[in-house]
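Trainee: I'd like to walk through this fold with you. Can we take it one question at a time?

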Amino acid sequence: MDRVTQDGPVALLHCAIGIYGVVAYEVGLRTREIAIRMAIGAQPSSVLRMVLGEAAVVTAAGALLGLGGSFLLRRSIESQLYQVRTSDPIVLSAVAGMLLLVAIIACALPARRAMATNPSVALAGR
Amino acid sequence: MLFNRKSSLSEVPGAQDVLANAPLISTRGIEKSYPVGPGQTYVLRRITVNIKPGEFVSIMGPSGAGKSTLLHILGMHDATWSGEYVFMGQPIHALAPKQRATIQKRNIGFVFQSYHLLDDLTVYENIELPLSYRDVPKAERQSIVADVLDRFGIVAKKDLYPSQLSGGQQQLVGVARAVVANPSVILADEPTGNLHSSQGRDIMELFKRLNDEGTTIVQVTHSESNAAYGNRIITLRDGFMES
């Protein structure tokens, strides 16, 4: 196995961990907002839809930028790939899909935690 | 279900008097505690309260007496308590969270001491938010919000963000947000606690006007002068009701 093939899964894992950390932190910061929305009548399902929808849009935009970047850099990594083309649609969509899935999971976990908290507790002292 | 039952009852002769005198809010033996070490620390003990439609009730007591905790229970923001709570004839203690949330959003407006407006939304959007959660069509929302902005004299502020408003103005928006969906009851947790006395007086005058128009109001306050706007005081001390 060449270097790129070996490092690919590790890079993907790092990317997934990074996205998870950033997105989960970002949703964690929105605990107050989620509590306020629920206190004034939002159903948990509508808040979850809002948070996941926003994360999906941002992650999809990131994935599109990444795909553009991979297209621009394709010549520099072409020689290091084995049995995979730089524009392989299956590989590209699988990677983008996986990162999107990671972002949605990273959103859903803290959002569900925030929604399970009583607004009175989440807003106490703020 | 509640509303159907109410409308059919109201057709029975004499039933309207009964409905008018029936409590809007009725609690029996409400208790709230937190686990501390091996035991429990009680914040509320055996709270029994009846509040009729159209009342203006003030909950008073020293810090730590459980006033805000009780208000949040009445506002259905807190589900971890024991006892019985009946709101407009509905046994809240026996309902699933989704049903509670539906009753809450239809009937309760909440005003916070720290305003709790959403910083990224304009005044207009903050006031519109409760209507969007009640599936009010957009055209109708625009008309209702325009009316509320006009009633509260904040039309000129509608495109500003909360950070661009004074504390009094933010609380005015907080009250506007609480009343925009025309709730049966407004619960206010120390609504003037962060305001100058003149701004506080304006807010209390506003509550008085809303109460005169028929909205039931329950406020938590430390201020005797604010309590004087209401017609009844409930006093809590160390989690127990004194009066």
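Trainee: Which strands of chain B does helix α4 (residues 97-107) lie across?

Mentor: Quick note before that: this is a predicted model, where local features need pLDDT of at least 70, side-chain atom pairs count only at pLDDT 80 or more, and totals for chains, interfaces and linings use all residues. Residues are numbered from 1 along each chain as written, chains are lettered from A and ligands numbered from 1 in written order, and side-chain values use heavy atoms, without hydrogens and water. Helices (H or I, at least four residues) and strands (E, at least two) are DSSP runs, numbered from the N terminus. Helix α4 of chain B runs at about 75° to β6(B), and the strands it lies across are β6 and β7.

Trainee: Which are the edge strands of the open six-stranded sheet in chain B?

Mentor: Follow the order, β6-β7-β8-β3-β9-β10, with mixed pairing. Strands pair if DSSP finds at least two bridges between them. Pairing on one side only marks the edges, β6 (108-111) and β10 (240-241) of chain B.

Trainee: Is B:Glu190 buried or exposed?

Mentor: B:Glu190 lies in the loop between β7 (185-189) and α8 (197-212) of chain B. Buried means under 20% relative accessible area, exposed over 50%, partly exposed in between (1.4 Å probe, protein chains only). B:Glu190 has 17%, so the word is buried.

Notes. Contact = heavy atoms within 4.5 Å. Axes fitted to C-alpha atoms, helices over the stretch in contact; angles between N-to-C directions.
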